Amino acid sequence: MLGVSTAMIGAFLMFFNILLLIGPLGMFYVPFLVGVLAICLGIWHERKKKEERRGRGWKYLMFSVIGILSFFAGFYLGDEMHLGYLIFKSSGGPLTIFPLALIIYALLFLVGLYISKERSLGFGLKVFGISFLFFFLAFYGLMAYGAHEHYYAKYISVDKLSGAPSDYLNLTEEELEKYPSLKDAIEQAEKNKMGVVSLHPNEWQRIETSLGRAWLHTIKIGDEYYKIEFHCRLASKELPEVPERYASVTEEDLEEYSILKREKELADKFADRGKPFKMSISLDEWLGIEDFLDKKGLRTFEIGGEYYEFELISNLIVQKYYANITKEELEEYPSLKEAIELANKSENGRAGLKVHPDEWGRIGNFLSEKGSYNIKIGDECYEIGFICA
């Protein structure tokens, strides 16, 4: 019987490897079918041999526990104690857990057979099917619990702020008049929560130099703070047919302006056909590409037998640093209100609160519409964060 049991365990290990090849569908349905089949074969064999089947209730229970215990022991050793990585070099997933779980299962299964003092093939098949099913039921249960926790593990964090950002530039209304692009973006932000103005990088550099700031991130006008960002991007689109006018880009050009080569490769890989692919680049890269395009006199190029249209984009983006929230609006979001109250009571001005996923999403949408996760309620300011498992 020992030889038969060892053979069954070997078959089990081979079966697991087959499951990995089959994929997720096999991981769910095949173990159930195999377990039920083993039990049915065991019942058929015992009836055929007319073997004694009384007083086995505690033995079946023992093998059920063996199946469950084996999986959780493998999970603890493989995942919690990181032995799956140390021994099998697995960085996660079933391969981290199952090898150790199967080794433990094999040992406990043989011990269970010894304790049961049963030596019939029918009994071996039945308890194999029972322990096999409970082994995978433990696996499914852990997966279901993990999925449940992932879905419901949604938290709101609140950090009470001093009011003024740590670094900002104070401008008067009169000073703002000297910078019409910046003024236009701020006026848009007041109306639409975000202001976007097309601005050449040279002009932006002149604004920063004039204001005496190498990096301008936040400004204050009156009682309002604004976040300032300047984005440079290179857009490219593969053309479906040969354009009327184009310039050729040589290998030497691509070596000198490697950003073009990277843009083409990424556009080929990720861009939807017919839509431009946009990649963020530095201000200096933007100016270098502009110089290259001006020398060529065109924006349409042939590269390796394919045709592309390039465009340089540079935008000044302004958003309100704080979104003003009224007390009436806050009443509509009780979880957000509760988290803020907890932050007000805490010694360090910070708090976290677990909320229902629907409420979590509703609050996130509300603040997105307001234009900032930094909010101001009366004279108090808070930074709101959203955390999920």
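Me: How do the residues lining the largest pocket divide by kind, nonpolar, polar or charged?
Reply: They come out as nine nonpolar, three polar and three charged. Ala, Val, Leu, Ile, Met, Phe, Trp, Tyr, Cys and Pro go down as nonpolar, Asp, Glu, Lys and Arg as charged, and the others, Gly among them, as polar. Mind that this is a predicted model, where local features need pLDDT of at least 70 and side-chain atom pairs pLDDT 80 or more, while totals for chains, interfaces and linings use all residues. Numbering starts from 1 along each chain as its sequence is written, and side-chain values use heavy atoms, with hydrogens and water left out.

Me: What makes that space a pocket, and which residues lie nearest its centre?
Reply: On a 1 Å grid over the protein atoms alone, a pocket is an open set of points with protein on both sides within 12 Å along at least five of seven lines, and a lining residue has an atom within 4 Å of a point. The largest pocket has 15 lining residues, and Trp204, Glu208, Ala214, Trp215 and Leu283 lie nearest its centre. The space in the largest pocket is about 310 Å³.

Me: Which element gives the most to that lining?
Reply: β5, with five residues. α9 (201–211), β5 (224–238) and α12 (283–296) each supply at least two.

Me: Why is α9 called oblique to α12?
Reply: Their axes cross at roughly 140° and come within 10 Å. Angles under 35 degrees count as roughly parallel, over 145 as roughly antiparallel, 65 to 115 as roughly perpendicular and the rest as oblique, so α9 is oblique to α12. Pro201, Asn202, Trp204 and Gln205 of α9 meet Leu283, Trp286 and Leu287 of α12, where contact means heavy atoms within 4.5 Å. Those contact residues split into five nonpolar, two polar and no charged.

Me: What makes α14 roughly perpendicular to α15?
Reply: Helix α14 (residues 334–345) packs on helix α15 (residues 357–370) at about 85°, with axes 9 Å apart. That angle makes α14 roughly perpendicular to α15. Pro334, Ser335 and Leu336 of α14 touch Glu359, Arg362 and Ile363 of α15.

Me: And why is α3 oblique to α6?
Reply: Helix α3 (residues 57–80) and helix α6 (residues 121–152) pack at about 40°, their axes 8 Å apart. That makes α3 oblique to α6. The contact includes Phe63, Phe71 and Phe75 of α3 and Phe134, Phe135 and Phe139 of α6. Its residues come out as 14 nonpolar, four polar and two charged.

Conventions: Axes fitted to C-alpha atoms, helices over the stretch in contact; angles between N-to-C directions. Helix = DSSP H or I, 4+ residues; strand = E, 2+ residues; numbered from the N terminus. 1 Å grid on protein atoms, 1.4 Å probe; cavity = no way out; pocket = protein on both sides within 12 Å on 5 of 7 lines; lining within 4 Å. Points joined across faces, edges and corners; volume = space filled by probe spheres on them.
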